[in-house]
Amino acid sequence: MPLDPSFIGRTYPPSEPYEVGREKIREFADAIGDLNPAYRDPEAAKALGYPDVIAPPTFPIALTLKASERIITDPSLGLDYSRVVHGEQRFVYSRPVRAGDRLVVELHIDNIRSAAGNDIMSIRAEVSTEDGEHVVTAYSTLVARGTAEREG
């Protein structure tokens with residue numbers, strides 16, 4: 001079943017706060033094999049001008065992917081996730097994610113288009129503190145294989 005293009009522009013309300021802990025940052029850095037001391041040692045982070053340890057640049061995937069479940073499981077959208085491949089991911093930062101941040105994620109469906117029998121959906125996740133300070137925007141593209149109506 002093709003995705004409904006009327007979902008373009010839809011916004012999902014902010015998620016519950018995600019509290020970023022030092023241990024989560026260290027675990028993530030270990031998982032990706034990044035030994036940067038600013039991800040583990042508060043003094044190393046302070047030497048760089050940050051109040052506490054900072055997270056690797058791809059860390060926001062830990063909270064944006066979870067938040068994206070609201071789109072993925074939205075029954076009115078009708079996305080068959082068994083047909084989805086992740087097409088793209090990028091992050092645009094205002095500042096690094098830091099230990100102690102309490103972050104919320106607001107989701108936007110920026111585009112849905114069809115190409116070669118596939119539906120391609122662009123999602124934007126605005127990550128900010130509970131107080132509204134923008135931290136990072138995560139852009140992702142999901143490709144639902146073989147769900148679009150064929151032209152022709």
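Residues are numbered from 1 along each chain as its sequence is written. In this predicted model, local features need pLDDT of at least 70, side-chain atom pairs count only at pLDDT 80 or more, totals for chains, interfaces and linings use all residues, and side-chain values use heavy atoms, with hydrogens and water left out.

**Exercise 1. Confidence and layout**

Task: State the mean pLDDT of the protein, then give the order of its elements.

Solution: 
- Step 1. pLDDT is the predictor's confidence in each residue, from 0 to 100. Its mean over the protein is 94, and 98% of the residues reach 70 or more.
- Step 2. Elements are DSSP runs numbered from the N terminus: helices (H or I) of at least four residues, strands (E) of at least two. The protein has three helices and six strands. Their order from the N terminus is β-β-α-α-α-β-β-β-β.
- Step 3. Among the elements, helix H2 (residues 42-47) has the highest mean pLDDT, 98. H3 has the lowest, 94.
- Step 4. Along the principal axes, the C-alpha atoms fill a box of roughly 60 × 30 × 20 Å.

**Exercise 2. The annotated range**

Task: Find what UniProt lists for residues 6-137, and give the helix and strand content there.

Solution: 
- Step 1. The unreviewed UniProt entry lists "domain: FAS1-like dehydratase" for this range. Positions follow the numbering used here, feature names are shortened, and annotations may be inferred rather than shown by experiment.
- Step 2. Residues 6-137 are 22% helix and 33% strand. The end C-alpha atoms lie 23 Å apart.

**Exercise 3. Partners of E4 and E5**

Task: Trace which strands pair with E4 and with E5.

Solution: 
- Step 1. Pairing requires at least two DSSP bridges between two strands. Strand E1 (residues 11-12) pairs antiparallel with E4 over two bridges. Threonine 11 has histidine 108 as its bridge partner.
- Step 2. Strand E2 (residues 18-19) also pairs antiparallel with E4 over two bridges. Here glutamate 19 meets arginine 102 as bridge partner.
- Step 3. E4 (residues 102-115) runs antiparallel to E5, joined by 12 bridges. Asparagine 111 is bridged to serine 122, and leucine 107 stands opposite alanine 125. Two residues separate the strands of this hairpin, and alanine 116 in the turn has a positive phi of about 50°.
- Step 4. E5 and E6 are antiparallel too, with 10 bridges. Serine 128 has histidine 134 as partner. This hairpin has four residues between the strands, and glycine 132 takes a positive phi near 95°.
- Step 5. Nine of the 12 residues of E5 are buried, meaning under 20% relative accessible area with a 1.4 Å probe, protein chains only. For the 152 residues of the protein, the buried share is 41%.

**Exercise 4. The largest pocket**

Task: Describe the volume and lining of the largest pocket.

Solution: 
- Step 1. A pocket is an open set of points on a 1 Å grid over the protein atoms alone, where a 1.4 Å probe fits, with protein on both sides within 12 Å along at least five of seven lines; lining residues have an atom within 4 Å of a point. The largest one holds about 170 Å³, the space filled by probe spheres set on points joined across faces, edges and corners.
- Step 2. The lining has 16 residues; Leu65, His86, Gln89, Ser140 and Leu142 are closest to the centre.
- Step 3. H3 (61-72), E3 (84-93), E5 (118-129) and E6 (134-144) each give two or more residues to the lining. H3 gives the most, five.
- Step 4. The lining divides into 10 nonpolar residues, five polar and one charged. Nonpolar covers Ala, Val, Leu, Ile, Met, Phe, Trp, Tyr, Cys and Pro; charged covers Asp, Glu, Lys and Arg; the others, Gly among them, are polar.

Notes:
Buried < 20%, exposed > 50% of the residue type's maximum accessible area, 1.4 Å probe, protein only.
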